[in-house]
Amino acid sequence: MKQTNKMKSAAIGVFAAMMMLSACSSGNSDNGADPTDKADPSASPSGNSEASAAPSSAEPDLMAKYDPPVDITAWRYTESTYQYENGDTIENNIYTKAYESDLGIKLKYQWTVPVEQFDQKLNVSIASGDLPDIMWLKNKQLTDLADNDMLYDLTDLFDKYASPITKEILLQDEASFNTAKIGGKLMAIPSTASAVDGLPILYVRTDWLNKLGLPEPKTMDDVIKIAEAFTTQDPDGNGKPDSFGIGLTKTFMTDGQFGGSGFFSGYHAYPEKWVKDASGQLVYGSIQPEMKAALLELQDMYKKGMLDKEFGVKDRAKVTESVVGGKLGMFYGTMSAPLSVIQENVNKDPNAEWKAFPLVSADAQPATPIGKMPVSRYFAVSKNSKHPEAIIKLLNFSMEGFKPDAVDNGFGYSKNNIPVYLYSLISAEPAKKNLNAHLNVMSALQANDPSKLSTEEKGYYDKVVDFRGGDRANWGTERVFGSPSSFDVINQYVNDNNYIFDAFYGSLTPTMVDKLSSLQKMEEEVITKIIMGQSIDTFDKFVQDWKKLGGDQITKEANEWAEKSK
């Protein structure tokens, strides 16, 4: 996405980087002042529940530039990877200058700290009551401050003054947006990201399927038969038993590429995720009985050589080598796998062909992919802020870059390729940005007319056209944004409303802080050992140990958080 003027900001940079998130925050000045007590109507904030639906001749335009400029305080973190040039700093850069020149907002950071120190500094500042106008918060701090009536209710401000493009972006995934609501009130602006890009997809070498006379996978039984054939029937034709059926990394419990999530979902199991049981209570997926059927199948596959015997020590790079070298023909990954993992194999082998498939099930119940709630931070306003509407001005500012006619004015990357979008105070990503790019590209291809595409989408379109003209270097782009593609699968998930998110997306609870690391280590060791041949009875003992060693208390705290977050 690009931008048409200085008001069209960080979005272009975020999406030029595909998946990168900008990190930001903000703050509060003039605590205790009445937000309507201002001499200059053009700077008058109101924005409370009594504010009328739109500016009229009798009231100021809350979205107009402040004149004279006003101070807005904030806090944020920085990272060691941030780069600066031409004397820029986090306090003085392309964004802070544009905020003042275009919006009349003089951004004043109360403090900035390295990301490693942010949680501690955040908690100390909240405890002291020294709150800025606009705050970057995690879920726990958001709910705590809301419970203590310290945050401004943004419901009316957002409804009345968020621009159409802002609402279009933030409301693409209402489940994510609603995580910022407490008691039905919008207590913050969520920093949304792609909600569906990380959902697991099954990737299979279809040239191997065709060579061995195998059908495309429709069930888990098909997946097992394909894995066995890829292991025993010499699909690479070198006369050696050196291929195997399905790829996993040593961190398969959490890895997006070569992970186990898609396989477990085929048995309706969700390891290391929280799901709701029949009563609506949160339960930890790794200790549910559905895990056992999936583990027994993986154990049998390992015994028969369908899994790499060394998967327990191989990282993603090592498993990628198996794909590139033509030794692995099936794995679960995310939508980006054709661009990253598979393209190298296609470059090396002119006969290699892969296809993305939706998850398949072991029974008549559809397999449901699970992802993480794509909200990692929130932007909230102090109840005592004199200018609560400033957050909507800043939000509208950053969303302008997503307009179809936006052009790049340097708010993403500088001419020297410095990622300046990281300086942005407030940002969000469309939940379905990449999916929509795929749909737009497909429409343009069908019409043979790319004139309505954004600059970014036109880039994808051109590469797909090049691939279809014979350039296999762009195979990955075709298999993500063209068809058949990973986004064909994602679109099916969305159209069928067949995906869920980890039901716990709050900050770590006290017992999680103390116990979660050791519990996860125990879990991963036990599950790996079961796959490698240890008795399935070990799982039952693991469940008992997990509950006794802090799991029961973690479950209690997770449900207390869920109740508060309703």
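Modeller: Lys 140 and Asp 144 sit four residues apart in helix α4, which puts about one helical turn between them. This is a predicted model, where local features need pLDDT of at least 70 and side-chain atom pairs count only at pLDDT 80 or more, while totals for chains, interfaces and linings use all residues. Numbering starts from 1 along each chain as its sequence is written, and side-chain values use heavy atoms, with hydrogens and water left out.

Back to that pair: their side chains form a salt bridge, N to O 2.9 Å (a side-chain nitrogen of Lys or Arg within 4 Å of a carboxyl oxygen of Asp or Glu). Lys 140 is partly exposed at 38%, and so is Asp 144 at 27% (buried is under 20% relative accessible area, exposed over 50%, partly exposed in between, with a 1.4 Å probe and protein chains only).

Next, Asp 119 meets Lys 138 at 3.1 Å, N to O. Asp 119 belongs to helix α3 and Lys 138 to the loop between β3 and α4, so this bridge ties together parts 19 residues apart in sequence (helices, H or I, of at least four residues and strands, E, of at least two are DSSP runs numbered from the N terminus). Asp 119 is partly exposed at 33%, as is Lys 138 at 25%.

Then there's Arg 479 with Glu 353, closest N and O atoms 3.1 Å apart. That one links distant parts of the chain, 126 residues apart: helix α17 and the loop between α13 and β11. Arg 479 is buried at 11%, whereas Glu 353 is partly exposed at 22%. Shared partners also join Lys 140, Asp 144, Asp 147 and Lys 564 into one network.
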